[in-house]
Amino acid sequence: MKRLFCILLCAAVLLGTFASAAFADGDAGASGDTSSAQPPEPEHCLSAYLYCFENSRSLYEYNSEETVYPTSTVKIMTGLLALEHFQGKLDTKITVTSEMLSKVSGNTLSPKLSAGEVVSVEDMLYGCLIGGANDAAFVLAYAVSGSLEDFITLMNTKAGSSAIGARNTKYTNPTGIHDDGMYTTARDTAQIALYAWSVPGFSDIVSTSKYVIEETNMSEYRTVYNRNSTISKYYASGYYDERAIGMNAGGTAAGGYCTVQVMRDPETSVSFLCVVMGGAWEDDSDTIYSYENAQKLLNWAFDSYTY
């Protein structure tokens, strides 16, 4: 199915002659020389968005308002809502129930959570945000709102709020597991990510490469590795980047591979956010085009913009 998605997506991109791109060409080399006047056009993906923290504006957009499936980026919203709700109380204990786990599918903690297990909010945040664990995401949803329905309402209300302004986004679950009715855009995803980055504690979590969940009443300790391969080499070593300081990566067969990256120049502290949605991937070469495109756009930004 992965290979089929890659073939179909590549065909769609190649045929997409009406794809829109916007480039803030007046700012390149604002305080220095520019090495490349034009950004590299994304390949084998559906949309992209590049943002500079220093001047609080987008530098480049590619189909940024086209609706796409959000895949794993949904967990950014799940995590930020849990962090806000439990701010200062991350040691709060949660007793996992069978209802919390009733709709869990896909990636989980290893071993997966069990009904009756007592876990902390902090451990579930790391499991959700760096491990991409769907069982942890559902547990947080119930812990915040008491029911799945109320949490999904909260997610959509938060996305469309004046604080974020992501009005072309609709969530139907807290994990990103595929649902035809769930959608977002690259620009909305960037707005949500920027808001999440401002929530105290969020950047500390998503910048962590490895986290150990201590033993519980029903499990030995669990080791959680960051699924963002610019942060951790555990799942793939080819995309590791010392400039990476966090965010999110993951995909589905229907939605492709999506990545949200924040990178900072260690010498100048200039920072950028890059979102790439709906990237194809190739099993035979371990190529993930969301990473490939994000890397090219971020390299262009670091080479072309100085402040």
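Helix α9 gives the largest share of the lining of the largest cavity, four residues. Helices (H or I, at least four residues) and strands (E, at least two) are DSSP runs here, numbered from the N terminus. The cavity itself holds about 70 Å³, and β9 (256–264) joins α9 (289–304) as an element that gives two or more residues to its lining. By class, that makes five nonpolar, three polar and one charged; Ala, Val, Leu, Ile, Met, Phe, Trp, Tyr, Cys and Pro count as nonpolar, Asp, Glu, Lys and Arg as charged, and the others, Gly among them, as polar.

A word on the model comes next. The structure is predicted, so local features need pLDDT of at least 70 and side-chain atom pairs count only at pLDDT 80 or more, while totals for chains, interfaces and linings use all residues. Residues are numbered from 1 along each chain as its sequence is written, and side-chain values use heavy atoms, with hydrogens and water left out. On the pLDDT scale, the predictor's confidence in each residue from 0 to 100, the protein chain has a mean of 91, and 89% of its residues reach 70 or more. Over residues 1–19, though, the pLDDT is below 50, and this stretch has 27 contacts in the model beyond near neighbours in sequence; a contact means heavy atoms within 4.5 Å. Residues 25–35 also stay under 50, with 19 contacts beyond four places in sequence. Where pLDDT is low, the predicted coordinates should not be read in detail.

As for the overall fold, the protein chain comes to nine helices and twelve strands. Of its 307 residues, 53% are buried, where buried means under 20% relative accessible area, exposed over 50%, and partly exposed in between (1.4 Å probe, protein chains only). Among contacts between residues at least 6 apart in sequence, 64% join residues at least 24 apart.

On a 1 Å grid over the protein atoms alone, a cavity is a set of points where a 1.4 Å probe fits but cannot get out, and a pocket is an open set with protein on both sides within 12 Å along at least five of seven lines; lining residues have an atom within 4 Å of a point. Grid points are joined across faces, edges and corners, and a volume is the space filled by probe spheres set on the points. This rule turns up three cavities of 30 Å³ or more.

The second largest cavity contains about 60 Å³ of space. Both α4 (121–129) and β8 (244–252) supply at least two residues of its lining, which by class has four nonpolar, six polar and two charged residues. Among the lining residues are Ser72, Lys75, Cys128, Leu129, Arg227 and Asn248. Helix α4 is itself mostly covered, with eight of its nine residues buried. Cys128 and Leu129 belong to that buried set, along with Val121, Asp123, Met124, Leu125, Tyr126 and Gly127.

The second largest pocket has a volume of about 160 Å³. Its lining counts 13 residues, and the closest to the pocket centre are Thr108, Ser110, Thr223, Val224 and Tyr235. Six of the lining residues are nonpolar, five polar and two charged.

Asparagine 173 sits in the loop between α6 (148–160) and α7 (186–198) and counts as buried at 10% relative accessibility. Its side chain reaches the backbone nitrogen of threonine 175 at 3.0 Å and the backbone oxygen of isoleucine 177 at 2.9 Å. Leaving out residues up to four places away in sequence, asparagine 173 touches Val74, Ile152, Met155, Asp179 and Met182.

Lysine 158 is found in helix α6 and, at 17% relative accessibility, counts as buried too. Its contacts, with neighbours within four places in sequence set aside, are Met77, Leu80, Leu81, Glu84, Ile164 and Tyr195.

Aspartate 286 lies in the loop between β11 (281–282) and β12 (287–288). This residue is exposed, with a relative accessible area of 61%. Aspartate 286 and glycine 238 are 48 residues apart in sequence, yet 8.8 Å apart in space, C-alpha to C-alpha.

How values were computed: Polar contact = N/O pair within 3.5 Å; in protein donor to acceptor, adjacent residues only side chain to side chain.
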